[in-house]
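Here are my notes on the model you sent. They are set out as numbered points, to be read with the structure open.

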Amino acid sequence: MILQTDIKFVPGVGPKRAGILNKELDVFTLGDLLRYYPYRYIDRSRMYYVHEIDGSMPYIQLKGKITAFEMFGEGRKKRLVAHFTDGTGFIDLVWFQGIRFVENKYKANQEYIVFGKPTLFNNRWNIAHPDIDPYLSEADRPDGLMAMYNTTEKMKNHYLNSKAVQKIIENAFGMINGRLPESLSADVVKTAHLMSFHDAVENIHFPRNPVLLRDAEFRLKFEELFFIQLNIVRYAADRKDKLNGFVFKRVGKYLNSFYEKHLPFELTNAQKRVIKEIRKDTASGKQMNRLLQGDVGSGKTLVAVMCMLIAMDNGFQSCLMAPTEILASQHFETFRGLLSDMDVNVALLTGSTRKKERADIHAGLLSGDIHILIGTHALIEDVVQFNNLGFVVIDEQHRFGVAQRAKLWSKNEHPPHVLVMTATPIPRTLAMTVYGDLDVSVIDELPPGRKPVQTLHRYDKKRGALYQFIREQVKAGRQAYIVYPLIEESETLDLKNLEEGFVHIREAFPEFTVCKMHGRMKPAEKEEVMQRFVANEAQIMVSTTVIEVGVNVPNASVMVIESAQRFGLSQLHQLRGRVGRGADQSYCVLITPYELSSDTRKRMEIMTESNDGFVIAEADLKLRGPGDLEGTQQSGIPFNLKIADLVRDNAILFRAREVAESIISRDPKLSQPEHLVLKQQLSRLSGNRYDWGRIG
Ligand code: ADP
Ligand code: MG
């Protein structure tokens with residue numbers, strides 16, 4: 001097939017350039033080349049003047065003359081400068097390579113069109129390695145949009161600049177007889193109102209007008225996202241098909257009596273909805289795999305408790321796995337508090353559980369005497385065996401790897417239902433891509449009466465007023481956290497920071513009790529400090545980020561984050577979530593130096609402006625790009641998307657998901673003849689670079 005043609009046979013390529021294209025762009029075949037999409041377009045009908053150049057221009061074209069050439073430097077530092085003017089001002093054209101070629105080709109005092117990106121160097125505007133065309137009369141000049149391609153240093157050294165790439169693509173088009181075969185099935189093209197593959201590829205490289213370009217972009221973005229979604233949906237459907245789950249038929253006395261007698265407050269509508277979704281799953285006969293997203297403080301724990309009671313009503317055991325001992329023991333206390341006069345046996349198992357107690361727990365799990373087990377990853381150990389584990393909750397999931405999840409499943413002959421709870425909101429687009437095989441529930445509502453945390457940004461030179469503020473809060477009966485960053489490269493330096501901070505804070509607040517907490521302390525020590533803080537025996541806690549997730553002390557109303565510039569947005573949001581858990585107005589103070597990069601300043605602004613975890617997660621995705629988000633690296637997802645953008649193109653993503661779902665619901669195995677092409681594309685994509693099948 002033509003698309004499989006080796007790139008070296010395309011006129012203008014040959015073996016040497018083919019090697020460079022292979023290495024630099026991962027382009028091996030004519031098909032790969034056609035899918036090497038431009039990154040932007042220049043409007044050829046727009047001519048700029050030198051005097052209007054400013055720093056904001058990405059790529060421009062100028063019309064004018066070279067007045068003189070000048071050579072600077074020696075040997076490898078040599079550079080050729082051409083002084084260029086269009087009558088409104090001067091700009092330098094600069095070459096560091098191919099100097100001989102340029103000198104021979106271009107002459108002073110002839111009219112040229114120059115393309116390039118202007119930059120300021122030594123207070124003069126210049127364009128490095130511009131594209132130059134002889135000036136043609138208006139009538140002969142190409143108009144419309146010209147595609148620009150990313151190229152690498154190595155490519156440029158072999159004269160493979162954007163323009164050369166375009167020429168090669170033009171030549172490749174010349175080799176095609178008739179039309180390119182369609183890469184999507186006819187039903188998809190029709191339902192989603194897509195341009196044909198042939199027209200899309202043609203218009204993405206050589207747009208005939210802006211409208212056709214937009215349609216071409218839509219089509220190619222859709223296709224890219226569609227195949228990711230098709231793969232996920234197919235995989236999830238396949239697994240659901242295979243994995244029979246326990247059936248939780250009924251709601252019985254445990255849930256009912258909890259609901260009637262023990263529930264300390266009215267459930268929020270979001271909590272009710274999520275519990276309903278889980279009930280539906282667990283009654284369906286298929287194994288549930290559900291991601292529960294809810295901002296910090298949204299009440300996920302209660303949802304977990306109630307689902308576990310449903311499991312009990314159906315004769316099953318449950319467990320909850322938390323990422324740290326502090327969190328596990330907090331959950332344990334919460335559960336015991338909520339279930340105190342019910343006939344429910346809850347146990348806590350962590351790394352520091354004593355040997356004797358551990359043995360008792362093991363026995364209790366096997367006999368079925370223990371109904372609910374709470375713990376850390378100590379739960380995963382092989383010696384921990386259940387009588388009949390039916391429901392597993394994983395809290396703060398991004399700290400657990402996929403392998404650990406799988407290990408929990410294998411504790412039974414049949415896999416239990418799994419609920420993964422996360423307070424690190426993942427933008428929906430990303431969730432659909434990374435956790436695409438999990439069903440998603442969202443608690444998008446906080447319990448009533450919560451006041452949004454007020455967030456302030458302060459410079460580190462001005463601590464006086466802040467300390468006064470903390471003093472007033474503590475005098476009014478509240479408590480405060482002061483968090484120091486964790487610098488991974490140097491744990492020692494970290495502790496030094498923390499120690500110094502601790503000493504300093506103690507001196508600044510002699511009238512209060514200050515405690516400290518960090519990751520190197522023994523679990524029992526941490527536990528003791530936490531208990532003292534919970535009991536308000538200490539009013540100020542100086543800590544590293546060990547308190548980042550889950551810690552719940554409703555009386556704390558001030559969170560001070562030192563060196564806030566060192567934290568990412570989602571981490572700042574997590575830390576802020578430690579306050580605002582009670583009825584009082586709470587505050588979060590971000591402390592940074594005065595000098596900040598523009599990205600960091602932006603982060604601080606987002607934090608002071610928004611309390612919404614989803615808004616923050618979207619902003620984080622925009623600022624950092626999805627590849628950096630926690631937990632995404634190991635997910636096996638191709639984030640080197642060629643044309644689609646998970647942030648900007650979310651509407652297309654949702655549409656692609658819908659279409660993928662409708663195809664799979666009609667033809668789960670893609671076995672209908674008209675879907676053969678989809679199957680082929682999927683195997684082309686997964687066979688090549690990505691392994692999309694291993695998600696989840
Ligand atoms: P998270 O979702 O961050 O895990 P938690 O489950 O720890 O949140 O709940 C935060 C706090 O809100 C807890 O003190 C909990 O008791 C309380 N809470 C949960 N649900 C409700 C509700 N429906 N009404 C009032 N308070 C609630
Ligand atoms: Mg929680």
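1. In what order do the 7 strands of the open sheet lie? The order is β12-β13-β11-β14-β15-β10-β16, and the pairing is parallel. Helices (H or I, at least four residues) and strands (E, at least two) are DSSP runs numbered from the N terminus, and two strands pair if DSSP finds at least two bridges between them. β12 (346–349) and β16 (439–443) are the edge strands; each has a single partner, so one side of each lacks a neighbour in the sheet. From one strand to the next the twist averages 20°.

2. This is a predicted model, in which local features need pLDDT of at least 70 and side-chain atom pairs pLDDT 80 or more, while totals for chains, interfaces and linings use all residues. Residues are numbered from 1 along each chain as written, chains are lettered from A and ligands numbered from 1 in the order written, and side-chain values use heavy atoms, without hydrogens or water.

3. Strands β10 (residues 289–294) and β15 (residues 417–422) pair in the parallel sense over 5 bridges. R290 has L419 of β15 as its bridge partner.

4. Helix α10 (residues 269–282) lies across β10, β14 (389–395), β15 and β16, at about 160° to β16. Helix α11 (residues 300–313) lies across several strands, including β11 (317–321) and β13 (372–375), and runs at about 175° to β14. Contact means heavy atoms within 4.5 Å; angles, from 0 to 180 degrees, are between N-to-C directions of axes fitted to C-alpha atoms, for helices over the stretch in contact.

5. N231 sits in helix α8 (residues 210–242). N231 counts as buried because its relative accessibility is 7% (buried is under 20%, exposed over 50%, partly exposed in between, with a 1.4 Å probe and protein chains only).
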